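Hello,

Here is the structure I promised to pass on. My notes on the contacts between its chains follow below.

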Amino acid sequence: MGMGGFWSTVLSLRTGHDESVTDVTRRCEDFVSGCGVVEGLLNVFVPHATAGVAVLETGAGSDEDVLAALRDLLPVDDRWRHRHGSFGHGRDHVLPSLVAPYATVPVVDGRIALGTWQSIVVVDTNRDNPDRSLRLSMLSQ
Amino acid sequence: MGMGGFWSTVLSLRTGHDESVTDVTRRCEDFVSGCGVVEGLLNVFVPHATAGVAVLETGAGSDEDVLAALRDLLPVDDRWRHRHGSFGHGRDHVLPSLVAPYATVPVVDGRIALGTWQSIVVVDTNRDNPDRSLRLSMLSQ
Amino acid sequence: MGMGGFWSTVLSLRTGHDESVTDVTRRCEDFVSGCGVVEGLLNVFVPHATAGVAVLETGAGSDEDVLAALRDLLPVDDRWRHRHGSFGHGRDHVLPSLVAPYATVPVVDGRIALGTWQSIVVVDTNRDNPDRSLRLSMLSQ
């Protein structure tokens with residue numbers, strides 16, 4: 001067992017003016033390394049109402065596939081009651097019900113225990129808000 | 001770092017006889033305050049097979065938008081193999097695969113570290129079961 | 001409060017060559033018992049980019065209903081950019097954005113605090129990969 005503790009930090013994240021899937025795995029790994037912790041649970045949290053966190057394969061088309069699926073499931077049109085922001089922006093507020101703004105993943109032997117093809121990403125369909133925050137928290141016994 | 005420990009409690013929740021999004025943020029905050037804990041992870045869990053937990057903006061139309069999206073994605077019709085309860089109730093049992101019955105969120109400086117527009121809600125499409133339970137658990141180092 | 005610690009193990013899981021919902025509740029319970037821990041948080045994690053973890057009722061049709069809903073929401077066709085594997089396999093890589101590969105659930109009085117009708121399952125739509133891993137981690141104060 002490692003030295004117990006709780007560490008939490010907020011990072012700035014630029015997701016841009018278009019729908020995006022942003023890989024934050026490296027930043028999560030750096031945070032865990034910086035904690036000097038051997039094992040425990042890492043919580044990845046976006047403090048925003050129009051973004052989500054997911055664990056996906058990136059770089060082989062699935063980033064775009066996720067955004068395409070979300071356009072199909074939550075269309076950019078005028079069906080939404082929430083009417084602030086750009087046309088169809090109401091869908092961005094439904095996004096976190098399907099792609100939750102949190103992930104909790106295990107840390108073992110000083111590393112996030114991801115599978116070979118897994119990356120931690122922020123899914124952001126909101127084109128009105130290019131600058132985001134990402135809170136990383138590590139809880140260890 | 002705060003005094004470590006684990007606290008868990010079960011609250012009663014009335015979600016009513018219609019589809020609903022129930023804001024439980026205040027009850028989560030009160031629970032965290034009552035633990036007297038400075039930091040750690042809060043787990044919000046509904047011990048039901050036909051409800052989910054989400055973190056959303058409430059009060060600006062998105063509550064209704066989430067329920068409308070779920071009616072579109074999981075229609076109230078006779079396609080479902082699960083045939084107990086009201087017409088179309090099988091969809092309520094698929095709901096937790098998309099809106100999971102748990103959320104784990106960070107607590108920092110004695111408060112849940114939610115963004116400005118985020119609330120913790122229980123999403124309940126089951127019209128047959130108006131009385132629900134909500135388990136809140138706090139783990140701190 | 002129980003004796004604190006962190007325990008983590010990787011189990012082998014055969015999900016087979018067809019779409020599947022595999023109940024892993026018993027294996028989770030056995031893991032928790034083996035830790036000898038009274039309370040804390042259990043993290044269930046699949047280290048794969050084409051599977052998810054959910055908490056559902058099993059054995060009453062909902063297993064099939066979840067797979068049917070996912071075929072409707074993420075069709076097995078040629079729309080996907082990710083083009084490795086079987087026809088339509090790109091959908092399997094979108095699955096974890098909707099059914100996340102992790103669940104964190106409370107442990108109280110030495111047991112996972114599931115509701116009467118809840119089971120922990122692995123949802124696997126990938127027909128190309130019948131052998132999977134499941135990582136269980138327990139964090140206790």
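**Helix packing, A against C**

Helix α2 (residues 62–73) of chain A packs on helix α3 (residues 90–98) of chain C at about 65°, with the axes 9 Å apart. Helices here are DSSP runs of H or I, at least four residues, numbered from the N terminus. Axes are lines fitted to C-alpha atoms over the stretch in contact, and angles run from 0 to 180 degrees between N-to-C directions. The pair α2(A) and α3(C) is therefore roughly perpendicular (65 to 115 degrees).

This is a predicted model: local features need pLDDT of at least 70, side-chain atom pairs count only at pLDDT 80 or more, and totals for chains, interfaces and linings use all residues. Residues are numbered from 1 along each chain as its sequence is written, chains are lettered from A and ligands numbered from 1 in the order written, and side-chain values use heavy atoms, without hydrogens and water.

From α2(A), the residues A:Ser62, A:Asp65, A:Val66, A:Ala69 and A:Leu73 meet C:His93, C:Val94, C:Ser97 and C:Leu98 of α3(C) (contact: heavy atoms within 4.5 Å).

**Chain A against chain B**

Chain A brings 30 residues to the contact and chain B 35 residues. About 2600 Å² is buried between them, 65% of it from carbon and sulfur atoms (accessible area, 1.4 Å probe, lost on putting the two parts together, summed over both). A:Phe6, A:Tyr102 and A:Leu139 give 24% of what chain A buries against chain B, more than any other three residues.

There is 1 salt bridge between chains A and B (a side-chain nitrogen of Lys or Arg within 4 Å of a carboxyl oxygen of Asp or Glu). A:Arg79 pairs with B:Asp72, at 3.8 Å from N to O.

Best wishes

Methods:
Helix = DSSP H or I, 4+ residues; strand = E, 2+ residues; numbered from the N terminus. Parallel < 35°, antiparallel > 145°, perpendicular 65-115°, else oblique.
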